[in-house]
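Visitor: I've got this model open and a few things to ask. Could you walk me through it?

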2 protein chains.
Amino acid sequence: MKKYYSISDVAARTGISAYTLRYYDKEGLLGFVKRSESGKRLFTKEDFEPLYTITVLKRSGMPIRKIRDFMNLYLLGNETIHNRYVMFEEQRRSLIQQIRELEEMLKIVDYKCWYFQEAEKRNDINYYKKLPAEEVDPRIVEFNKIVEDFREGSSETEL
Amino acid sequence: MKKYYSISDVAARTGISAYTLRYYDKEGLLGFVKRSESGKRLFTKEDFEPLYTITVLKRSGMPIRKIRDFMNLYLLGNETIHNRYVMFEEQRRSLIQQIRELEEMLKIVDYKCWYFQEAEKRNDINYYKKLPAEEVDPRIVEFNKIVEDFREGSSETEL
DNA sequence: ATAGATGTTAGAGTATACTCGAAGTCAAGA
DNA sequence: TCTTGACTTCGAGTATACTCTAACATCTAT
């Protein structure tokens with residue numbers, strides 16, 4: 001006798017709503033889930049590993065269609081180990097790039113937080129414009145260069 | 001005589017399409033952009049700073065509605081410096097949380113890449129199950145614990 | 001046996017962020 | 001003057017990922 005988990009049980013345990021689980025099934029992500037004679041989904045203990053993998057891929061920013069492609073490879077077993085490895089390697093690179101991007105944004109947001117505090121002290125959002133050039137904080141100069149590059153369309157020099 | 005930039009010029013320089021710029025305007029993000037008598041948008045040199053801020057907030061994951069709220073504060077000038085500071089501080093915390101989340105995902109994806117390579121060597125995605133417990137790599141044991149926690153619905157213990 | 005909880009499907013609705021098409025306006029050069 | 005090209009608005013269309021409703025089926029406990 002095998003224990004099965006109902007869709008609402010899985011929903012409660014995983015935090016994925018039953019609606020979303022059905023949607024994932026409809027989109028071809030849950031091909032591994034068995035059904036009862038009457039058509040009800042029967043989740044097993046083992047199904048939680050692919051379910052967890054789905055959440056990891058989703059939280060990594062992978063779109064549903066690509067997760068579906070991965071799950072289709074999963075269903076084919078050992079023949080697709082290499083393909084699945086390649087997909088994870090690609091996702092690894094994507095994650096590193098996403099982290100880099102957010103870290104770059106964090107630097108700018110950190111600067112902005114500092115700048116707003118300086119501006120608040122003086123109650124003037126453009127206080128530095130009234131200062132002699134040598135008294136302007138280098139952080140402000142650097143930021144203004146970034147904005148200038150943005151205006152010059154420097155993003156074209158990427159490739 | 002002041003130089004103005006047309007919408008297509010701004011689009012070419014910033015990489016934001018003219019369609020998107022008009023959409024942002026419609027959503028209330030570009031309240032700072034002047035118009036000609038005939039209604040054409042006249043972007044100035046100074047407009048590139050708020051435009052850049054919009055891209056930073058967007059790349060930081062801020063939804064358009066919230067960027068609109070920020071830009072409305074921007075239009076009000078010095079009276080809203082503190083409010084804008086608070087919004088950036090919040091965005092700073094959000095970014096740190098997003099980075100943490102992606103770093104957590106990266107750890108798991110790194111593990112998966114390693115595991116798929118081990119499985120590929122043996123052409124068996126479940127090779128470790130046939131091993132005596134003491135020969136199973138601790139990384140596998142650790143991962144299986146995470147999946148088990150997921151099955152137990154451990155996310156409920158967050159708060 | 002029947003009520004109520006839980007499950008099923010198909011399909012509609014929501015939210016977000018664009019992306020585009022149509023019809024019309026306007027300024028500048030041949 | 002006229003044509004061309006860039007601009008305008010409005011509204012429709014697209015893509016993604018849910019989220020929910022309706023109608024019906026099934027299972028369980030009294």
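Visitor: Which backbone contact does B:Ile64 make with DNA strand C, and at what distance?
Guide: This is a predicted model, where local features need pLDDT of at least 70, side-chain atom pairs count only at pLDDT 80 or more, and totals for chains, interfaces and linings use all residues. Side-chain values use heavy atoms, leaving out hydrogens and water, residues are numbered from 1 along each chain as its sequence is written, and chains are lettered from A and ligands numbered from 1 in the order in which they are written. For B:Ile64, a backbone N or O atom sits from a phosphate oxygen of DNA strand C at 3.2 Å.

Visitor: Which atoms of A:Ser6 and A:Ser8 reach phosphate oxygens of DNA strand C, and how far away is that of A:Ser8?
Guide: A:Ser6 uses a polar side-chain atom, 2.9 Å from a phosphate oxygen.

Visitor: What percentage of the atoms of DNA strand C within 4 Å of the protein belong to sugar or phosphate?
Guide: Bases make up the rest of those atoms. The sugar or phosphate part is 78%.

Visitor: How much area do chain B and chain A bury between them?
Guide: Buried area is the accessible area (1.4 Å probe) that two parts lose on being put together, summed over both. Carbon and sulfur atoms carry 66% of it here. The total is about 5,500 Å².

Visitor: How many salt bridges cross the interface of chain B and chain A?
Guide: The rule wants a side-chain nitrogen of Lys or Arg within 4 Å of a carboxyl oxygen of Asp or Glu. One of them pairs A:Arg59 with B:Glu104, closest N and O atoms 3.8 Å apart. The count is 8.

Terms used: Near = heavy atom within 4 Å. Polar contact = N/O pair within 3.5 Å; in protein donor to acceptor, adjacent residues only side chain to side chain.
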